[in-house]
Amino acid sequence: MLDINHIAKTFNPGTITEKKALVDADLHLQDGDFVTVIGGNGAGKSTMLNAVAGVFPVDRGNIVIDGEDVTDLSEHRRARLLGRVFQDPMTGTAAAMTIEENMALANRRGKHRSPFRWGITQKERSMFRDELARLGLGLENRMQAKVGLLSGGQRQALTLLMATLQKPQLLLLDEHTAALDPKTAAKVLHLTRELIQDHHLTAMMVTHNMKDALQYGNRIIMMHEGRVIVDVEPEMKASLRVENLLEMFEHTSGGKLDNDRMLLS
Amino acid sequence: MDFAKLLNALPGAASQGVIWGMMAIGVYITYRILDVADLTVDGSMATGGAVAAVLITQGVNPWLAVLCAFLVGMLTGLLTGLFHTAMGIPAILAGILTQLALYSVNLRIMDGKANMAVNVNKYWVLVSSRNVRVLSLQNPICLTLLLTVILIALLYLFFGTEYGNALRATGANQNMARAQGINTSRAKVVGLMLSNGIVAFSGAMLTQYQGFADVQMGRGAIVIGLAAVIIGEVVLGKFFRSLWGKLLCVSVGAIIYYFVMQIVLWLGLNTNDLKMLTALVVAIFLAVPYWKGLAMTRRAGRGKEEKHA
């Protein structure tokens with residue numbers, strides 16, 4: 001489903017702020033894989049997701065989604081293959097537009113947008129209402145409300161729903177619960193798993209929470225200094241514990257994990 | 001002070017307000033919907049006027065002339081859009097570059113003359129300030145109001161379509177728009193074209209109304225447009241939430257602006273000082289939300305300290 005073939009990315013090359021974000025990242029996902037991505041700050045987790053999404057061109061290597069080489073496709077052209085949820089709840093939705101308008105935009109992801117067809121149809125409205133109802137947040141009664149009025153958790157739930165309205169080939173979750181309080185984060189994670197299972201999605205989820213990384217998904221990868229250093233296959237993952245992860249990390253990276261943001265429990 | 005003198009000036013102010021209101025609606029599209037401050041308008045306003053003047057004085061149907069002005073205005077927006085998206089120039093600078101270039105272009109259009117008369121007695125024009133006190137359909141207010149209503153209706157419909165929503169999303173959240181597969185660069189170019197087309201259209205109407213085109217006629221247009229947008233929001237913004245209502249506010253804002261200017265003139269201010277006054281008014285209105293925000297954060301901060309103590 002996804003082949004990341006030895007990609008590299010250096011930001012601001014040749015300057016004092018040069019940053020080798022990805023050195024030689026290589027990853028291959030099967031159809032239906034739900035992989036969690038962990039690693040310290042600056043390991044290249046988000047950079048790898050953004051490279052797949054096409055936020056910037058990569059320096060080397062190529063990216064193939066569902067048999068299609070997307071390496072040279074611009075971000076908005078790749079969008080038809082991808083559902084994305086971001087760390088900042090502000091990023092995934094348009095605050096100044098209503099809930100139903102945001103959903104209508106998402107429902108046209110990857111499709112031609114005509115100046116001669118209405119932006120929202122009645123049929124869509126009832127479909128959106130049903131979809132919102134399953135969130136259990138009462139948003140189905142606030143479809144005309146501006147998204148800016150919603151809480152961070154509500155916005156992330158909405159963004160998740162929007163990302164899956166048109167079934168994506170690949171769902172990219174970039175620490176999408178990091179900005180939420182623990183209770184809300186758990187709810188959003190639960191919803192994430194539900195949507196992934198219901199739609200049989202292939203997904204990548206970056207997280208700082210090792211427990212979440214172990215609890216969710218069928219595969220787990222660990223990144224360090226722009227490479228994938230640990231890749232735990234489905235057979236192995238079920239029996240994996242936090243201590244095992246730490247051991248693996250120390251073994252392959254040759255150093256201790258010293259990262260405050262990495263939650264161990 | 002002669003009050004009759006002020007009353008006498010009000011119909012003219014209203015007509016001018018309605019015509020500039022259409023220009024301000026163009027500014028609203030870039031400033032509020034697309035979230036870009038587009039300074040092209042100072043040039044494209046005069047471009048629209050120049051195109052209309054040249055065509056009408058050559059005997060072209062004035063409707064066709066304003067249509068041509070609209071299309072040429074779109075080209076000016078295209079230029080700014082390409083400066084911005086294809087060449088990576090910041091939007092404000094892109095607009096300034098086009099505006100500067102248009103000064104030469106406008107002189108070329110008018111065959112090197114800085115000023116070109118369109119005599120209402122010699123040519124067929126759609127509106128004229130001569131009829132501003134006539135109680136008939138000839139009165140420029142009638143046609144300009146009708147055109148404003150049509151313009152607002154068309155824009156309201158457009159921004160309800162799939163592509164219209166894509167433009168709004170681009171202005172509201174570019175990252176989100178791209179993640180939804182919207183070509184944000186193209187959306188910005190289209191928005192700038194639409195905006196400047198409307199601005200040039202308004203310039204074409206103004207040329208007919210005042211009976212001449214002038215290479216300077218767009219100077220400060222962006223500030224007048226912003227003034228109309230802001231005055232409309234402050235005075236009437238509370239009552240309207242839909243887009244058509246907001247566009248109507250802009251038009252009313254422009255009329256209020258011209259009324260206020262007339263009153264200020266009547267109170268004895270020099271005409272030459274009007275632009276300075278406009279700039280100050282816009283600056284203050286732009287500052288108000290900022291100051292409000294500051295006061296709010298300070299109050300919130302103080303609340304926290306008290307809690308700690």
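## The lining of the largest pocket

By class, the residues that line the largest pocket comprise 15 nonpolar, 8 polar and 9 charged ones. This description, like everything that follows, rests on a predicted model, and the values should be read with that in mind.

The largest pocket itself has a volume of about 1,000 Å³. Its lining is made up of 32 residues, and those closest to the centre of the pocket are A:Glu101, B:Arg168, B:Arg241, B:Ser242 and B:Leu243. Both chains take part at the level of helices as well: helix H3 (99–107) of chain A supplies at least two residues of the lining, and so does each of helix H1 (3–33), helix H5 (140–158), helix H6 (162–172) and helix H10 (243–266) of chain B.

## The second largest pocket

The second largest pocket holds about 640 Å³ of space. Of the 24 residues in its lining, B:Trp20, B:Ile224, B:Tyr258, B:Leu274 and B:Lys275 are the closest to its centre. When the lining of this second largest pocket is sorted by class, 13 residues are nonpolar, 8 are polar and 3 are charged.

Which elements of chain B each supply at least two residues of this lining? They are H1, helix H8 (184–210), strand E2 (212–214), helix H9 (221–236), H10 and helix H11 (274–308), and among the contributors to the second largest pocket H10(B) gives the largest share, with 5 residues. The lining can also be described by domain, since domain 1 (3–269) and domain 2 (270–309) of chain B each provide at least three of the residues that line the second largest pocket.

## The build of chain B

Chain B contains 11 helices and 2 strands, and, read from the N terminus on, its elements follow the order α-α-α-α-β-α-α-α-α-β-α-α-α. The radius of gyration of chain B is 20 Å, which is close to the 19 Å that the globule rule gives for 309 residues, so chain B is as compact as a globular protein of that length. Along its principal axes, the C-alpha trace of chain B spans about 80 × 55 × 35 Å.

## Burial and contacts in chain B

How many of the 309 residues of chain B count as buried, if the share is given as a percentage? The share is 50%, where a buried residue is one with under 20% relative accessible area. As for contacts in chain B between residues with a separation of 6 or more, 77% of them are accounted for by residues 24 or more positions apart.

Technical notes:
Residues numbered from 1 in each chain as written. Chains lettered and ligands numbered in written order. Predicted model: local features only at pLDDT ≥ 70, side-chain atom pairs only at ≥ 80, totals over all residues. Heavy atoms only, no water. 1 Å grid on protein atoms, 1.4 Å probe; cavity = no way out; pocket = protein on both sides within 12 Å on 5 of 7 lines; lining within 4 Å. Points joined across faces, edges and corners; volume = space filled by probe spheres on them. Helix = DSSP H or I, 4+ residues; strand = E, 2+ residues; numbered from the N terminus. Nonpolar A, V, L, I, M, F, W, Y, C, P; charged D, E, K, R; others polar. Domains from an automatic or database assignment. Rg over C-alpha atoms; globule rule 2.2 N^0.38 Å. Buried < 20%, exposed > 50% of the residue type's maximum accessible area, 1.4 Å probe, protein only. Contact = heavy atoms within 4.5 Å.
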